[in-house]
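Okay, thanks for coming, everyone.

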Amino acid sequence: MHTNVLGPMQLIDAFALSVVDNGGVIAVLSSRMGSIQETTSADSLTYRTSKAAVNMVVKMAAMEHGLRGVTVVALHPGWVRTDMGGESALVGVSESVDGLRQVIGGLGADSNGGFFDHLGRSLHW
Ligand SMILES: NC(=O)c1ccc[n+]([C@@H]2O[C@H](COP(=O)([O-])OP(=O)(O)OC[C@H]3O[C@@H](n4cnc5c(N)ncnc54)[C@H](OP(=O)(O)O)[C@@H]3O)[C@@H](O)[C@H]2O)c1
C-alpha cells in the first residue's frame, strides 16, 4: 500500500504542476488485478486492493488536473516476464514497454481518467 498507493499519490503531488505547465501526461502503472469488475478469484488481496486504490488516485488526479490540460491515466502493462510476472508471463518487457509508450503517445484529452492496457484497450474499473 505504501509503494503502490502512497508512492504515486506523493509523486503526482510533487510533479503535477510541472506537468500542467507542459500540458503533459501522468501515467500510473496499475494492474488489471485492481479492476473490481474483472476480479474472478480471491488471491492477492493486498496487491489487488492497492491497485484498486491507486485507480481511484488516478481518477481523482484526472478530475483535479484534467481541467488544466493534463491527461492522467492508469495503465496495465500486460502479464509481463519480469521478476514479478515470472517466466510464464505472456508478454516480454520490450513488447510491454513499446506498447505502453505507444498508448501514452496516442492519448488525447478524451483519454483523461481512463484505464488502458499496453495494447490501448480500455479496461473496466
Ligand atoms: N509484471 C506484470 O505482469 C505486471 C502486471 C500488472 C502490473 N504490473 C505492475 O508493473 C509495475 C512494475 O512491475 P514489474 O513487473 O516490473 O515488477 P518487478 O520486476 O518485481 O520490479 C518491481 C520494482 O519495484 C521496486 N520496488 C519494490 N518494492 C519497492 C519499495 N517498497 N520501494 C521502492 N521500490 C520498490 C523494485 O525495486 P528492487 O529491485 O530494488 O527491489 C523493482 O525495481 C508494478 O507497479 C506492477 O504492479 C506488473
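Let's start with the ligand. The shell around the ligand divides into six nonpolar residues, seven polar ones and two charged ones.

Before I go on, the ground rules. This is a predicted model, where local features need pLDDT of at least 70 and side-chain atom pairs count only at pLDDT 80 or more, while totals for chains, interfaces and linings use all residues. Residues are numbered from 1 along each chain as its sequence is written, and side-chain values use heavy atoms, with hydrogens and water left out.

Back to the ligand, then. Which residues come nearest? Of the 15 residues around the ligand, those are Thr3, Tyr47, Lys51, Val80 and Thr82; a residue is in that set if one of its heavy atoms lies within 4 Å of the ligand. Tyr47 puts a polar side-chain atom 2.5 Å from a ligand oxygen. For Lys51, an N or O atom of the side chain is 2.9 Å from an oxygen of the ligand. Val80 uses a polar backbone atom instead, 2.8 Å from a ligand oxygen. As for cover, the ligand on its own has 900 Å² of accessible area, and the protein covers 46% of that. Those areas come from Shrake-Rupley with a 1.4 Å probe, and for residues only the protein chains shown count as cover.

Now the inside. Nonpolar side chains tend to be buried together in soluble globular proteins. Here, the largest nonpolar core has 17 residues, and Ile12, Ile26, Val28, Val57, Val58, Val70 and Val72 touch the most other members. Helix 1 (2-21), strand 1 (25-29), helix 2 (45-66) and strand 2 (71-76) each supply at least two residues of this core. Apart from it lies another core, of six residues, including Val73, Leu75, Leu100 and Phe116.

Definitions, quickly. A nonpolar core is a set of buried Ala, Val, Leu, Ile, Met, Phe, Trp, Tyr and Cys residues joined through side-chain atoms within 4.5 Å. Buried is under 20% relative accessible area, exposed is over 50%, and partly exposed is in between, with a 1.4 Å probe and protein chains only. Helices (H or I, at least four residues) and strands (E, at least two) are DSSP runs, numbered from the N terminus.

Not counting residues up to four places away in sequence, Val58 touches Val28, Val72, Val73, Ala74 and Gly114, where contact means heavy atoms within 4.5 Å.

His65 is also in helix 2, and buried at 5%. Its side chain makes a polar contact with the side chain of Arg68, at 2.8 Å. By polar contact I mean a pair of N or O atoms within 3.5 Å; within protein, one must be able to donate a hydrogen and the other to accept it, and residues adjacent in sequence count only if both atoms are side-chain atoms.

The Arg48 side chain reaches the backbone oxygen of Met33 at 3.4 Å, and a 3.3 Å polar contact joins the side chains of Arg48 and Ser41.

Last one: Ser44, in the loop between strand 1 and helix 2. Ser44 isn't a glycine, yet it has a positive phi of about 55°.

Notes. Nonpolar A, V, L, I, M, F, W, Y, C, P; charged D, E, K, R; others polar.
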